[in-house]
Amino acid sequence: MDSFRTHLDAYLNLFTNLQSLNFRYIATRDTNFERAKKVFHGTFQRLWNPDGPSGLLQYFRTRRTWDEKHYGKLSNDDIAFINEGKERFGSQELEKLYRRWCAGEITENTMRSDSLKFRTPSEVSIIFSTVNGQAALFERHPHCAVNMPVKSSEETFFTGDFTPDFSSGSR
Amino acid sequence: MKILPIHTEALRGFGYTEEEARFLYLVATHSGYCTCQQFLQFVGTKPGKRSVDFARKMVEKKHASSKEYLRHGRVFHLFSRNLYEAIGRENVRFRRVHSTEYIRTRLIALDFILRNQHFTYFESEEQKLSFFCDQLGIDKKILPYKRYSGAIKNNFSDRYFVDKFPMYYNPAASLSCGDLQLHRPRI
């Protein structure tokens with residue numbers, strides 16, 4: 001699942017700029033479908049949770065610290081988070097929400113509930129498909145033994161003879 | 001999925017039939033790797049002269065190499081620069097040598113495309129960039145990219161959507177809706 005998480009992370013900023021998303025998970029077997037589903041929905045639940053780590057609330061607080069020029073209170077990670085957040089939470093609606101929250105027009109609770117209306121993508125789904133994928137080509141035939149068993153009494157040793165007589169005799 | 005006649009004509013110029021040219025176009029655009037089984041699935045026929053002729057043609061013309069895997073099935077790798085150039089795909093990395101893991105992923109992607117030919121896939125990086133940046137108005141810097149450094153120091157180029165997983169836009173949804181079908185082939 002690690003490569004799947006990496007893939008989702010790489011596309012997450014793009015996803016947040018779409019209104020809806022249908023993601024297809026294609027595999028030769030359905031072994032990982034349930035786990036992939038959990039990872040997929042978990043990613044968006046974390047993204048949409050305003051109180052979560054790297055969530056909207058943390059972005060607003062960190063950004064307000066920056067906008068109020070309290071630079072000493074910010075670490076390099078915070079600055080990186082602000083830049084990342086601008087891409088992720090950069091919609092006009094959220095920007096307005098931020099301005100109203102900074103101006104004290106709305107409380108954190110109102111901001112929290114209002115932000116849910118503007119979450120993007122508003123609809124996500126994951127669809128699973130199995131394909132042949134020519135997988136059999138890469139798997140050993142079930143009737144073909146991986147290692148031929150050899151009894152110790154039948155083991156032969158190299159005698160150092162490369163003559164044609166030796167070769168034909170040992171066939 | 002629409003394949004422009006100009007592309008199939010270009011491939012037919014190498015001596016391939018119309019169906020073979022259409023199949024080769026899909027392989028060169030989406031995968032770089034294919035099997036005889038996939039060709040048979042595409043043309044909807046049984047193993048026989050057609051698939052043998054096609055395989056022999058690809059290898060004899062030095063457009064593809066073949067490698068036998070555990071079950072004696074062959075995987076063909078399209079590597080000919082001339083062939084990719086003919087359809088305007090001379091810069092794709094499919095021509096290079098890849099790991100078995102990569103080959104398996106490409107075969108899965110091709111299998112999906114062959115089974116779902118009614119979708120209109122984005123075929124190149126340019127098409128994807130045009131769709132996201134020009135049509136949806138999304139900033140280029142948020143798209144997934146990989147930075148490649150060139151031979152000259154401090155000279156690099158950014159390539160977008162390097163995973164080359166099949167991607168198509170669902171025309172049933174309105175453009176502003178951005179109902180995007182992304183595919184994650186998984187072995």
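Predicted model: local features only at pLDDT ≥ 70, side-chain atom pairs only at ≥ 80, totals over all residues.
View 1. Of the 187 residues in chain B, 34% are buried. The chain holds seven helices and seven strands, and from the N terminus on these elements follow one another in the order α-α-β-α-α-β-β-α-α-α-β-β-β-β. When contacts in chain B between residues at least 6 apart in sequence are considered, 51% of them join residues at least 24 apart.

**View 2. Helices α3 and α4 of chain B where they cross.** Helix α3(B), which spans residues 36-43, and helix α4(B), which spans residues 49-60, have axes that come within 10 Å and cross at roughly 125°. Because of this angle, α3(B) is described as oblique to α4(B), and the crossing in which α3(B) passes α4(B) is right-handed. On the side of α3(B), the contact is made by Cys36(B), Phe39(B), Leu40(B) and Val43(B), while α4(B) contributes Arg50(B), Ser51(B), Phe54(B) and Ala55(B). Sorted by class, the residues in this contact of α3(B) with α4(B) are six nonpolar, one polar and one charged.

**View 3. A three-stranded sheet in chain B, with helix α3 packed on it.** The three strands form an open sheet in the order β1-β3-β2 of chain B, and their pairing is antiparallel. Strands β1(B), residues 33-35, and β2(B), residues 64-68, stand at the edges with a single partner strand each, so one side of each is left without a neighbour in the sheet. From one strand to the next, the twist averages 30°. Strand β1(B) and strand β3(B), the latter covering residues 74-78, run antiparallel and are joined by three bridges; within this pairing, Tyr33(B) of chain B has His77(B) in β3(B) as its bridge partner. Helix α3(B) packs on the sheet, where it touches β1 and β3 of chain B, and the direction of α3(B) makes about 75° with that of β1(B).

**View 4. Strands β1 and β2 of chain A, paired side by side.** Strand β1(A), which comprises residues 20-27, is mostly covered, since six of its eight residues are buried. Eight bridges join β1(A) to strand β2(A), residues 123-130, and these two strands run parallel. Within this pairing, the bridge partner of Arg24(A) is Ile127(A), which lies in β2(A). In general, the strands of a sheet pair through backbone hydrogen bonds, in either a parallel or an antiparallel manner.

Definitions and conventions:
Residues numbered from 1 in each chain as written. Chains lettered and ligands numbered in written order. Axes fitted to C-alpha atoms, helices over the stretch in contact; angles between N-to-C directions. Helix = DSSP H or I, 4+ residues; strand = E, 2+ residues; numbered from the N terminus. Parallel < 35°, antiparallel > 145°, perpendicular 65-115°, else oblique. Left-handed = near helix turned anticlockwise from the far one by under 90°. Contact = placed C-beta atoms within 7 Å. Nonpolar A, V, L, I, M, F, W, Y, C, P; charged D, E, K, R; others polar. Pairing = 2+ DSSP bridges. Buried ≥ 20, exposed ≤ 12 C-beta atoms within 10 Å, placed from the backbone.
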